[in-house]
Amino acid sequence: MSGESKTIVLIHGLWMTPAGWDRFREFYEARGFRVLAPAWPRMQGSVQELRHNPSALAGLGLLEIAAHYEKIIRSLDERPILIGHSMGGLIVQILLDRGLGAAGVSINGTAPKGVFRLPFSVIKAASPVLSNPLNFWRCVMLSFAQFHYAFAHTMPKHDAREAYKQYLIPGPGRPIFQAAFANFTPWAASDVDHFNSDRVPLLMIAGTEDLLVPPILNRINYNLYQSSCAVTEYKEFQNRSHLIITQEGWEEVADFVLTWTHARTKRPSTHEMRQMTNH
């Protein structure tokens, strides 16, 4: 075991900023953790400023995002717990595959290369980007209707509009294209080694009503990881949409993650060590 960590790194997803993690960050800080929620590279300014001018993010891709977080993680004085949402969940899987972290949690995480299923809801949710090949090098803003369908369709309209106002920014199209066409791309940016038995424990969380990353994609990805001896576990939360980290009931998710990481990273006591030795 790597030993229980008191540092958490939160990795946000596409179309979001670190502000989407505010509730999780406060929840974990109140329990004595040092919590970092760095923005993606090139992301500077408020939600309003990024909406007005997102040009710095145009062309940003998965490898640059992963390298950015890898540099931050390697600068820390202990191996952190990595928690990612949506595209951030894919980044967590990439970082764990590189040997980083004390444990990792992918919440409604984008599927890496190797998951071939593509439900209609995913195509519809990603269509604002994928409908135009030029969006590969552009940033794309979702309308409220597009956001509501992909992120928040189980939330009351008022709450969904507040989330749209607080969190949504234009997102670079490149990561969507990289994920969507990974299975047809040699050395794809979203590739992970599902056979890697040296990585730390990984928890995959899905919301049963998620349309952007439906549970079936998480389950297929989870099954691919069963080829490895490394610990991989899976949990579904009922009636949750893609925006599981801010919608009503987010505390249950945050607490489950904390309980799981504690169990998977704690150092065994002297008594436990003796019992293992005797057996």
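Guide: Two strands pair if DSSP finds at least two bridges between them. Helices (H or I, at least four residues) and strands (E, at least two) are DSSP runs, numbered from the N terminus. Residues are numbered from 1 along each chain as its sequence is written. This is a predicted model, where local features need pLDDT of at least 70, side-chain atom pairs count only at pLDDT 80 or more, and totals for chains, interfaces and linings use all residues; side-chain values use heavy atoms, with hydrogens and water left out.

Start at strand β1, residues 7–11. β1 runs parallel to strand β2 (residues 34–36), and three bridges join them. In this pairing, Ile 8 stands opposite Val 35 of β2. β1 also runs parallel to β3, with four bridges between the two. Here Ile 8 stands opposite Ile 81 in β3. Go one step further. β3 pairs with strand β4 (residues 103–107), again in the parallel sense, over five bridges. Ile 81 stands opposite Ala 103 of β4.

Now the burial. Buried means under 20% relative accessible area, exposed over 50%, and partly exposed in between (1.4 Å probe, protein chains only). β1 is mostly covered, with five of its five residues buried. Thr 7, Val 9 and Ile 11 point one way, while Ile 8 and Leu 10 point the other way. β3 is mostly covered too: five of its five residues are buried. From β3, Ile 81, Ile 83 and His 85 point one way, and Leu 82 and Gly 84 the other.

Step off the end of β3. Ser 86 sits in the loop between β3 (81–85) and α4. Its phi is positive, about 60°, although Ser 86 is not a glycine. Ser 86 is buried, with a relative accessible area of 5%. Compare Asn 239, in the loop between β8 (232–237) and α10 (250–265). Asn 239 also has a positive phi, near 60°, in a residue other than glycine. But Asn 239 is exposed, at 54% relative accessible area.

Next come the cores. A nonpolar core is a set of buried Ala, Val, Leu, Ile, Met, Phe, Trp, Tyr and Cys residues joined through side-chain atoms within 4.5 Å. The largest has 59 residues, and Trp 40, Ile 91, Phe 147 and Phe 151 have the most contacts inside it. Helix α4 (residues 87–97) gives the most to this core, with seven residues. Another core lies apart from it, with 24 residues, including Leu 10, Ile 245, Trp 250 and Val 253.

Contact means heavy atoms within 4.5 Å. Leaving out residues up to four places away in sequence, Trp 40 touches Ile 11 and Leu 60, among others. Its list also includes Ile 65, Tyr 69, Met 87 and Pro 172.

Helix α6 (residues 144–151) holds Gln 146. Gln 146 is partly exposed, at 32% relative accessible area. His 148 counts as buried, at 15% relative accessibility. Beyond four places in sequence, Gln 146 touches Pro 128 and Met 141. With neighbours within four places left aside, His 148 is in contact with His 153, Met 155, Lys 157 and Ala 160.

On a 1 Å grid over the protein atoms alone, a pocket is an open set of points where a 1.4 Å probe fits, with protein on both sides within 12 Å along at least five of seven lines; lining residues have an atom within 4 Å of a point. Grid points are joined across faces, edges and corners, and a volume is the space filled by probe spheres set on the points. The largest pocket holds about 480 Å³. Its lining has 26 residues, with Thr 110, Leu 118, Val 122, Ala 179 and Ala 180 nearest the centre. α5 gives the most to that lining, with four residues.

For residue classes, Ala, Val, Leu, Ile, Met, Phe, Trp, Tyr, Cys and Pro count as nonpolar, Asp, Glu, Lys and Arg as charged, and the others, Gly among them, as polar. The lining of the largest pocket divides into 21 nonpolar, three polar and two charged residues. The second largest pocket holds about 190 Å³. Its lining has four nonpolar, four polar and four charged residues. Helix α7 (residues 157–167) gives the most there, with five residues. Met 155, a contact of His 148, is among the residues that line this second largest pocket.
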